[in-house]
Amino acid sequence: DQLGLVEYDTAVKVLAPLTPCDVDGRAKLDAALARLRPGSRTNLSGGLLAGLALHRTSAGVAPLPRAGMQRLQIGNTYRCLSQEDVGAPPLGAEQVHEWTMELRFESWVDATAIRKVRYTLHETCEDLVVHVIEPPFCLTRVSCKTFAVIAELLLNDGRTLKIEHDLTFGPPETFHTVILPLRPKQMPFVKASMNPASLEKAVVRSTFLFTDGLATKGILDTDDLCAAARDALDELGDRRCTLSTFGFGGDHSATLLQGLAEVGGGVYSYVESEDQIGQAFGEALGGLLSTTHQNVQLSLKLTPGVTIARVCTDFAFEDGEGEDGARTVVVEAADLFAEERRDILIMLRLPSAIGADSHQLLGHCYARAFSVVLSRSEAVGPVKLAVRRQASVDSVHNNPHVERHQSRFLTTEALTAANQAARHGQLEQARRILSAAVFNLSASALGSQGDSTILGLIASLRDCLKDLGDQQQYSSVGDKKMICMKMAHTRQRSMNLGSTDSYATSATMSMKSYFGSRLASM
């Protein structure tokens with residue numbers, strides 16, 4: 001809904017504050033992009049902090065459509081009629097205005113959910129109520145003054161949704177974004193121009209940092225720059241955004257961009273060549289536009305006597321003990337896109353079984369997050385976690401779902417260890433680590449069955465192995481690819497690398513394809 005642009009080289013310049021992406025706004029943003037010029041040095045810290053600061057003064061905007069909700073625009077185009085068009089204006093009117101009401105949909109499928117639109121006009125109009133049956137449901141009239149138009153969307157399932165739009169004369173067109181359940185249940189009454197304060201937390205905000213080089217001006221130290229970003233994000237308060245980073249080519253610091261992405265709850269995308277820029281951006285934008293929940297928190301409260309052996313995740317977590325002696329682990333699982341999932345592997349230690357063939361309660365699971373769709377917090381739980389204890393077991397059959405995520409965790413561990421070895425010049429050791437992981441995954445029960453998840457993990461490891469031939473190839477490609485690959489498998493999110501496509505969603509794939517093809521045709 002809004003976009004801002006910051007240019008940074010030796011100096012830092014705000015090319016555009018957060019600007020609504022309507023017709024006038026897009027023209028301003030296009031002009032701003034045309035002013036971009038190659039620079040000299042890279043004041044990465046200055047550009048980043050200026051970009052984060054844009055969120056302080058941004059206007060609240062309607063939340064984006066989510067699962068079960070669809071986004072559309074309602075508004076009017078405008079043309080001031082000349083005397084040649086209509087002759088002399090009516091008595092008491094200075095001008096006569098032609099306007100057209102219209103609905104604009106993101107998908108033709110959304111339009112097909114509407115049987116017809118019933119427009120209610122001003123009492124002075126010749127036709128007070130007008131029915132329009134074909135998308136985009138245009139209604140053209142001539143009037144001398146503005147007024148509020150009521151649009152009632154009569155859906156195929158029998159429901160009616162109401163939207164109110166205030167006619168605007170002057171700009172060529174004036175449209176507002178609204179979010180409605182065109183397919184599901186309840187019917188809200190929405191005034192298209194309103195921005196309720198209660199929706200402020202439901203606004204999805206993000207900053208994308210693009211760079212093709214190292215920081216050479218401003219804050220240069222990685223830890224200092226990450227600390228500055230953390231402070232700037234904290235200062236945004238309710239307007240806090242996520243921060244994702246994009247590194248082009250072989251000259252940027254993947255370690256720095258990874259650190260910034262982790263501080264900002266976003267992702268680091270490695271863009272190996274120019275022809276991937278559109279795909280990387282589109283994939284990230286597709287995820288952003290399909291965010292369903294923010295600040296996802298998963299909790300496990302254990303029964304006294306049951307303890308935690310290891311929490312196998314890179315997400316931030318707290319492991320503490322309550323007054324009753326029970327252990328509780330709370331994992332901060334960041335934001336969720338539509339169709340995404342978060343699987344957190346936790347290893348437990350159990351006390352000796354009290355009796356044979358009995359069920360033991362291990363604890364209770366909870367989840368909570370802020371729903372962008374409902375504009376409020378949601379909570380699930382407690383859900384009982386129990387296991388059947390047996391005096392003896394003839395054979396053990398691993399749960400395939402658990403085994404997949406054990407393999408995913410082992411893959412991220414191998415990528416971390418191999419990268420650390422390679423950074424110390426131990427390329428042979430790095431190759432052995434990745435090769436051993438490939439062997440173990442291939443020899444596992446699921447690997448031998450050709451499980452698609454295991455094959456995807458193997459493909460990731462082999463892809464990284466290719467870039468450990470010599471130190472130069474590792475420094476320019478291998479280091480960046482392993483960092484990006486590890487973050488992708490940790491977050492269960494696609495990040496512009498082919499072997500992470502298994503985490504892609506409909507929205508990320510669609511936008512990746514769209515932007516990739518658009519840039520390729522330019």
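Residues count as buried under 20% relative accessible area, as exposed over 50%, and as partly exposed in between (1.4 Å probe, protein chains only). The structure is a predicted model: local features need pLDDT of at least 70, side-chain atom pairs count only at pLDDT 80 or more, and totals for chains, interfaces and linings use all residues. Numbering runs from 1 along each chain as its sequence is written, and side-chain values use heavy atoms, with hydrogens and water left out.

The chain holds 13 helices and 22 strands. These are DSSP runs (helices H or I, at least four residues; strands E, at least two), numbered from the N terminus. Of its 522 residues, 45% are buried. Cys138 is partly exposed, at a relative accessible area of 37%. Cys365 is also partly exposed, at 29%. The count of disulfides (cysteine sulfur atoms within 2.5 Å) is zero.

The second largest pocket has a volume of about 1300 Å³. Its lining comprises 40 residues; closest to the centre are Ile344, Leu345, Ile346, Leu385 and Val402. Elements that give two or more residues to this lining include strand 15 (291-302), strand 21 (358-371) and helix 8 (400-423). Strand 22 gives the most, with eight residues. A pocket here is an open set of points on a 1 Å grid over the protein atoms alone, where a 1.4 Å probe fits, with protein on both sides within 12 Å along at least five of seven lines; lining residues have an atom within 4 Å of a point. The volume is the space filled by probe spheres set on the points, which are joined across faces, edges and corners.
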